[in-house]
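Please examine the structure shown below before reading on.

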Amino acid sequence: MASLKRSFESDPFAQNISSKVYVRSTKSGKVQKIVREVYLRQDIPCSSKLCNACLKIAPRDAANRPIPFVLSEKPAGTSVFTQGHYIVPDTNAFLSAMDLFEQSSAFYDVIVLQVVLEEVRARSLPLYNRLVSLTKSEDKRFYVFFNEFRLETYVTREENESVNDRNDRAVRKAVKWYNEHLSKTSKKAPAVVMLSNDRDNLRKAKEDDIPAYSLANYVSQLKDGEQLLDMIPELEERDALIEKKPGQFLYPEHYTLSKMNTGVKNGLLHQGIFNVSPYNYLEGSIRVPAFPKALLILGRENINRAVDGDLVVVEVLPKDQWKQPSTQVIEEEAVTMNENPTEEGSDLISEKERKVLQEEAKRTLAKTTEGHALPTAKVVGVIKRNWRQYVGHIDQSSVSSSAAQGRKQDSVFVIPMDKKIPKIRLRTRQVAELLGKRILVTIDAWDRTSRHPTGHFVRSLGELETKAAETEALLLEYDVQYRPFPKTVLDCLPKEGHDWKVPASMDDPGWRDRQDLRDLLICSIDPIGCQDIDDALHARALPNGNFEVGVHIADVSHFVKPNNAMDTEASIRGTTVYLVDKRIDMLPMLLGTDLCSLKPYVERYAFSVIWEMNSNADIVGSRFTKSVIKSREAFSYEQAQLRIDDASQQDELTNSIRTLLELSKKLKQKRLDAGALSLSSPEIKVHMESETSDPIDVKTKEHLPTMSLVEEFMLLANTSVAAKIYEAFPQTAILRRHAAPPKTNFDELANQLRVKKGLDLSVESSRALADSLDLCVDPKEPFFNTLIRIMATRCMMSAEYFCSGTQSYPEFRHYGLASEIYTHFTSPIRRYADLVAHRQLAAAIEYEAVHPAVRSRGRLEAVCKNINVRHRNAQLAGRASIAYYVGQALRGKATEEDGFVMKIFSNGFVVLVPKFGIESLIRLRDLAEPEPAATYDAETYTLTTSGSREVKVELFQKVRVRVTDQKDETTGKRGVKMELVSTY
Amino acid sequence: MPLDTSAYSLALLRVDGRRWNELRRIHAQIRTQAAADGSSYLEMGHTKVMCVVNGPSEPGPRRGATSGGGGGGGQSKNAEVAVNIVIAGFSSVDRKRRGRGDKHILELQSTISQALAASLHTHLFPHSTINISLHVLSQDGSLLAALINAATLACVDAGIPMTDYVAACTAGSTSTYAANDEGADPLLDMNHQEEQELPGLTVATLGDSDRVAVLVCESRVQVSRLEGMLAVGVDGCKQVREILDRVVREKGIKMIQEGTVERGVGLNDMELD
Ligand SMILES: [Zn+2]
């Protein structure tokens, strides 16, 4: 305690105080002026291990520990600064080239100025977070110098000086101070070098004799710097744009932020997330609160440099410009194929694009029937870019022959794997090396003068189509955290490692408040080869004729304590990601596949939900308890099914599984009666050759009753837990909801069913939908019903995690499961939401005290937001992985399969092949050479071709297709190619 | 815009450049309004308050509009300490107006009334009222502490007998409640941004002693951190007391030099009881 009472050393009246004035605008558009005091001081150290003067003033925390110094006494040199150097980048350098600073080959001993950190934070939170994690990394030696608080480096803004200029001046002053300060330590003190990509700032630095270089200039002084050159964006000139002639602008100017805010506030403009159609890169849509249906944004000029995912502001176009959504497939690659990356044409819309658009216009004009036209809009500005790093490959056709050999810097196009992202213009010196590689790039800017965005190279992932490169590409594209767990995380694991056991003595603290359920006949049922066993079950008859049923879930929260490094890592990962040949774990292997996993024959900690049920599967009572269990067997679905079906097996364990199966059937019937939907998406299994893990076959998964068995009890456990934690924490329970889809989502499908099949789809409630889906059958075609279910699923909203305080009770409803309240509890090894639910349930049953992180609403909302995104990405990554392996499995084989037309355009149609669970576009030009003429009847969803090939294709039609593999030149992915064989 | 309070760990510096154990600049004056019995003006950083004290006075036919409730009523053996706070609309960035019946203001009034009643010798003035009127001109955190300090100074100026100064300040912690950071440093004297983002408390002590006259904690914080926060707060109160004392003495010396007070009745000789 005494250490806390340090006397106030300096005279408080003699402190240097300065006022800083900030202007900020609030969400509602008001402008506020904030005056704040700044206390200037002289005891902020330079943090160089060479400096003894600063060592004396090193600040200490309340426990009297001094802060260790960061900058090395022997920093690396460059060809110019052989004595060694420290780097001071300006804001612009970090904003445009953060990847560069994260390199392990260079960029050590970096001084991050406070003014720079503040500016980076104001401009981009993700980049700020990356910068902060660099400052925390021990080996990179990044030091944050609070120049704005140090008397000698503080600068006041001069009259008529812009904030930017003032901040640049502050950077230069800090660099100057550092150089003077360090020169006192020794004659051969390291130089302190400013890095900037702003010409103006560099010029002023030169005038003041401050060592300063552009990023490119600096990198060229480094050994092996050449490889880094491509990662550097071009020099920026702040006013460069204004000097250009207005005629050269290809795009309309974006509105200022305040103009957009005013517009949105008085309802003239609308704000929302911009989405690009997966079939047409010139068609975007945006959902805004003021319109029930999404607004269409058509054409390059209206899209006005918005990229998929950006937060934009749009203006609705006059009613006479409202249009139908496109019925045509327009692929960027096909249309813009021959554009030259080095020269920007003076027209925004190329000849080819114009032709395509005119055809579109003709069609819509001829057909515009009232009511079909949708409101259209144009983008007037971007509030927030959602740019990330993109995986792609260099478009071979954009490469000039000289560039493919020399080391001259050249412009090329990169085609992103994500078709919704426009191609990116890239300047690089390594065209020859990068051709045919999967590469990672970022977008730097999209000027009004440039048809395509410009970006820079980040790194190469390897040869196209190699398993390693494609897998990493996939993980990057879906933002899956796949790096090995850092040491800080592994340090949180139990010291005993694999030798950890449930303590033998029941006096051990681990046994506190745990029920001993080791004598119960518990078993687990999972897919073949499952190692991370989250759940196990038991059932037994009670003397009163009822049954006791238990669901036992791995007690992960026993091992993962809130807020430690492992918990933080898991909360960021959010979920385990399953790829065909790889699993990216949320938790370290030791826990996931061993200590937490409810493996058979060993004792494990569990969290149990135990019900008493009557023979009608009505719940008589339920309770929750931490427990110790010993699973008797780990079955696969198939094994369990065989055992149930084999009447000769009359042992107690098998009979208990039979009991579970009987009860689960009743539970399922109850759910269906309540209106639960049975939706489907084809589940595919890729069979691998065990030695080489090359895919050899693709099969749809068979559905077994034992799968339903497990599913039903998991749903029941989730629902029971949801009710319990909501009761205990009405404001902060973590729950999962599935909103009812807006009726308009089904408009098109309902119309299609009515027109083509004379069937009615009623969507008033989930029950009505479930019933009408049951009636959507084609007696001749059993798959038809599944097809409609697949299509209906795509009209649904996606389920989401939320914190109970953010919604009113009726909004909790899970539409698909027809449950009032729901959460995820049963898979804590692979989902973070379940782990949070475990902690809340433990607190609810008073097993342990509530940890603040578990009941801070703000914190939970952030967790929900993240895991919703991660969950979605994990699903997409899993699907993409299957698509890749299906492509590989089909490599060099050609098979004929049955397929169904599930979407139809005026110049092509999409066919789903159930056997492989894949769908693919067949365009008119794929039908025959030359491309046949076609007429498309939008009323009857019929495409009739004539000329080189005559076929009639209708929606829902069964067709025969030849499936082969093909490398998609656009995305560089190997995928399936379908050719129409016959239409039956 | 400046960084937020999470940047503290980068270099042990707070959002305004202070260390964990440093007070903001305190500037105070007494006898700022000649017409009143006692008056003061006090700044703790950008928090600026003014205080006027009238009384003790026998109750007239009508009593003051608002009473803080400390001490006792007009009929009691002790003087009533009536506190009235007016928060100027322009004092905070959002310019929100607070009415007289605002719960937050009522609570501040009652807290200050009780704090001062603990030091003022109210028993000397039965059936009377001491009216303390406080005006908030600018808010940047530690408002309650600033109000208590200003009221203390004005009471000294008014010459109301009291045991000792009631000196107040705030203390906080460098990381949020949810972060549950065992190693968080305590913080002295929180500004507005820190109060918004971090847990904190207001503490007032009586004179040089460790006797706590006021302890208000409206945020959620782990018990384990409370002890450190309180120790820093109490330590801060002592620093505040020194500053208040210096203001009073300097004013006294000045008054003697100007002849407002007779030589010989030096402040050091003044009997307080
Ligand atoms: Zn130094």
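A cavity is a set of grid points where a 1.4 Å probe fits but cannot get out, and its lining residues are those with an atom within 4 Å of such a point. The model considered here is predicted.

Chain A has 984 residues, of which 53% are buried, and contains 29 helices and 37 strands. Of its contacts with a separation of 6 or more, 67% involve residues 24 or more positions apart. In chain B, 56% of the 273 residues are buried. This chain holds 5 helices and 9 strands, arranged from the N terminus as α-β-β-β-β-α-β-α-β-β-α-β-β-α.

Within the whole structure, a search finds 8 cavities of 30 Å³ or more. Because domain 2 (247-384) and domain 3 (389-464) of chain A both give residues to the lining, the largest cavity lies between them. By class, the lining has 11 nonpolar, 1 polar and 6 charged residues.

Two or more residues come from each of α26 (832-844), α27 (852-855) and α28 (857-889) of chain A. The lining of the second largest cavity includes 7 nonpolar and 3 charged residues, with no polar ones.

Terms used:
Residues are numbered from 1 along each chain as its sequence is written. Chains are lettered from A and ligands numbered from 1 in the order in which they are written. This is a predicted model: local features need pLDDT of at least 70, side-chain atom pairs count only at pLDDT 80 or more; totals for chains, interfaces and linings use all residues. Side-chain values use heavy atoms; hydrogens and water are left out. Helices (H or I, at least four residues) and strands (E, at least two) are DSSP runs, numbered from the N terminus. Buried means under 20% relative accessible area, exposed over 50%, partly exposed in between (1.4 Å probe, protein chains only). Contact means heavy atoms within 4.5 Å. On a 1 Å grid over the protein atoms alone, a cavity is a set of points where a 1.4 Å probe fits but cannot get out, and a pocket is an open set with protein on both sides within 12 Å along at least five of seven lines; lining residues have an atom within 4 Å of a point. Grid points are joined across faces, edges and corners, and a volume is the space filled by probe spheres set on the points. Ala, Val, Leu, Ile, Met, Phe, Trp, Tyr, Cys and Pro count as nonpolar, Asp, Glu, Lys and Arg as charged, and the others, Gly among them, as polar. Domain bounds come from an automatic or database domain assignment.
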